[in-house]
Amino acid sequence: MAVFDRVRIEADKESYPVLLGNGNKIEEGPADDGRHFAVWQDPFPKPSYLFCIVAGNLGSISSTYTTQPSGRKVHLEVYSEHENTSKLEHALESLKKSMKWDEDTFGLEYDLDVYNIVAVNDFNMGAMENKGLNVFNTALTLADPRSATDSDYERIESVIGHEYFHNWTGNRVTCRDWFQLTLKEGLTVYRDQEFSGDMMNSHAVKRIEDVNALRARQFAEDAGPMSHPIRPESYISMDNFYTATVYSKGAEVIRMYRTILGKEGFRKGMDLYFERHDGNAVTCDDFLSAMGDANGVDLSQFARWYTTNGTPVVRYKSKYDADTKTFYLTLSQESNSDEPLHIPVAVGLIDKKTGDEVVATKVLDLKEKEQTFEFSVSGDVLPSVLRGFSAPVKLTGSSEDEEKDWAFLAANDSDGFNRWEAGQKLYTNAIFQALRGEDSSTTMQYIFEAFERSLNLETNDFSIQAYALVLPAESTLSEEMEVVDPIGLHKARGDVKKAIARKFYSQIRAKYDELTSTMKDKEFSVDAASIGQRRLRNVLLDYLCAVKETADERETASKLAIDQFNSAFGMTDKYAALSSLVSMDGEEDVVARRESAIKKFYDDANGDALILNKWFTVQALADLPDVLDRVKALAEHPEFTMKNPNRCRSLISAFSMNAAHYHAEDGEGYKFIGDMVSQVDKLNPQMSSRLGGALIQWKRYNEKRGALMKAQLQKLADTKLSNDLFEVVSRGLK
């Protein structure tokens, strides 16, 4: 680490009127021949990867923030290309919220007189926390109601926070080497998750979103050839280890510290970490030591999380002894660690007769292969296990009637996450029963009861209500299968969805119309209630548009979707309607509505890059028999380019996530992605290595699909590849 005491930037003033560097600007002025200069000084030591200069012709918006308790007045400025400046306000406000939250939550103040953010259209990553001069992808900075969905607004707020929080967890205290990447990224992801939960005023909603993402991406990574512990032991290209494991599972490991030590204990550990290591480059072991020493706790067993790859499995069984009024809960664990992990399992107990919680959430420290915990209770209870998803594990239980237990928890659990989780397990069972051709009448009855209760719930937390109605994603469901059948899974999930939609069609439509009326003429806002209302209404639209077997049903569904599309004020409702329309097929009028909406969305974009990205993505994800041909045609569209990472992701990456069509039996989807990966590798190795990840899970599929996927990997391996892609391909072929 070094102090960059004086950095002088000089350039042609007309071409590069903006000259930015790390730290504070201490001098500026004219130079010879129409040039000008600026001198920047960063008083804090930093590693060279945090060094940054920017020179360009950029627009900006600015404001100030006064830190507490010191009262330092900080100049805040967000820069981007001139055509983007009208969309920077949300990013600037998110920065102010981040600064206040870090002061209130961790007592951490900003330490310079200036904080600059520069957002650019062509950027491989999401953002970079260069000291006092963050560089952002415009996809994670620009927002207005016309171009950004609610999810975009929330993501921008989260990532602005993430990069700001790095000022202490990544910059003031940084990594000794790249093997320690999770030290700064896992910790900072945890911090931005907590920040977002506070801003949403619903940690249960945020927890559901984060766990959904973890299961869809990180669990898959743990099960594949690129599996690695959160602290990798080796790499060819470090770019390949900016992964869901290092970031998201790393954040779960930090969350477990908080769960084990409690809120006050975690804060004590953070304070000691900064006291010991401010201005230094340190390791994951240093963080663990600070947490343990601050609380007088031995965390040596917990340290195994840093060296263990794969997703652990926790199993539970229980019994009640009426004579002694004792409830016994037995937990066991399996993992890739030679010795048991320290797994915090949050548990609550609910009276089986009344549905009342009789034992509030208690954290059980599972440190052995198997442990039994005893509770004194006056009657038989049902355990609510792994509340709040207290550890990144797969949980399995054993009872005489699991579905009855899940239905009971879905109705009575006081933990918002586990109440949602119980419903997800019921949905999952029904989908797999449909996939196997089994009778699912009992399961569906439980689902109908839970769905109707959620649909009619009187609540102001519309997002929780919406998520309770949504079936598990195919990507999450596939992690429960030894051999993934993407086409069968897609059909089975669709069949369950249609059964629910048909059963409650009139009630869903009434709720949809009620929300439409409530939201009509309401001023646009991205507060939690407004976002929740839109989220719930669009979930209901999705169900209504799932009923489309007959010509009359397709007519009704397409009319409903096109009406929402045409009347939508913001991008959230417009994109949701288009997402339904792009998968509509059949009669001439239905197809005409679909095609007119696709064209209007494109025309309305008027060249806006972020809207066009959505236009490509929504079509790549369409459920149409000729979707691959459509994607190939879009790859030839004048607005498509592989040179822009966002545009490439919007079409090519999106199609690889359209599982039922990407994994078509003929293997044409694999061939297309293989060809695209080869082309992208010549332009952008970081991008190609990520795209190549779509081919490496071939062992998870049947023999025919696996052979077709592997053939594309081998075809790539037989050519000259970048180091980034070579590492992914070579590990994928093992």
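Is the crossing of H19 and H22 left-handed or right-handed? It's left-handed. Quick reminder before I go on: this is a predicted model.

So, that helix pair. H19 covers residues 627-635 and H22 covers residues 668-681, and their axes come within 11 Å, crossing at roughly 20°. That angle makes H19 roughly parallel to H22. Who's touching whom? On the H19 side you've got Leu628, Val631 and Lys632, and on the H22 side Glu668, Gly669 and Phe672. Sort those contact residues by type and you get 3 nonpolar, 1 polar and 2 charged.

Okay, salt bridges. The count comes to 57, and I'll walk through a few.

Take Lys249 and Asp222, with the closest N and O atoms 3.3 Å apart. Lys249 sits in helix H5 and Asp222 in helix H4, so this pair ties together parts that are 27 residues apart in sequence. Lys249 is buried, at 1% relative accessible area, and Asp222 is buried too, at 9%.

Next up, Arg593 with Glu555, where the closest N and O atoms are 2.9 Å apart. Here helix H17 is linked to helix H15, across 38 residues. Arg593 counts as buried at 15% relative accessibility, while Glu555 is partly exposed at 23%.

H17 shows up again with Asp604, which pairs with Lys574 of helix H16, 30 residues away. The N to O distance there is 2.7 Å. Asp604 is partly exposed at 28%, whereas Lys574 is buried at 14%.

Terms used. Residues numbered from 1 in each chain as written. Predicted model: local features only at pLDDT ≥ 70, side-chain atom pairs only at ≥ 80, totals over all residues. Heavy atoms only, no water. Axes fitted to C-alpha atoms, helices over the stretch in contact; angles between N-to-C directions. Helix = DSSP H or I, 4+ residues; strand = E, 2+ residues; numbered from the N terminus. Parallel < 35°, antiparallel > 145°, perpendicular 65-115°, else oblique. Left-handed = near helix turned anticlockwise from the far one by under 90°. Contact = heavy atoms within 4.5 Å. Nonpolar A, V, L, I, M, F, W, Y, C, P; charged D, E, K, R; others polar. Salt bridge = Lys/Arg side-chain N within 4 Å of Asp/Glu carboxyl O. Buried < 20%, exposed > 50% of the residue type's maximum accessible area, 1.4 Å probe, protein only.
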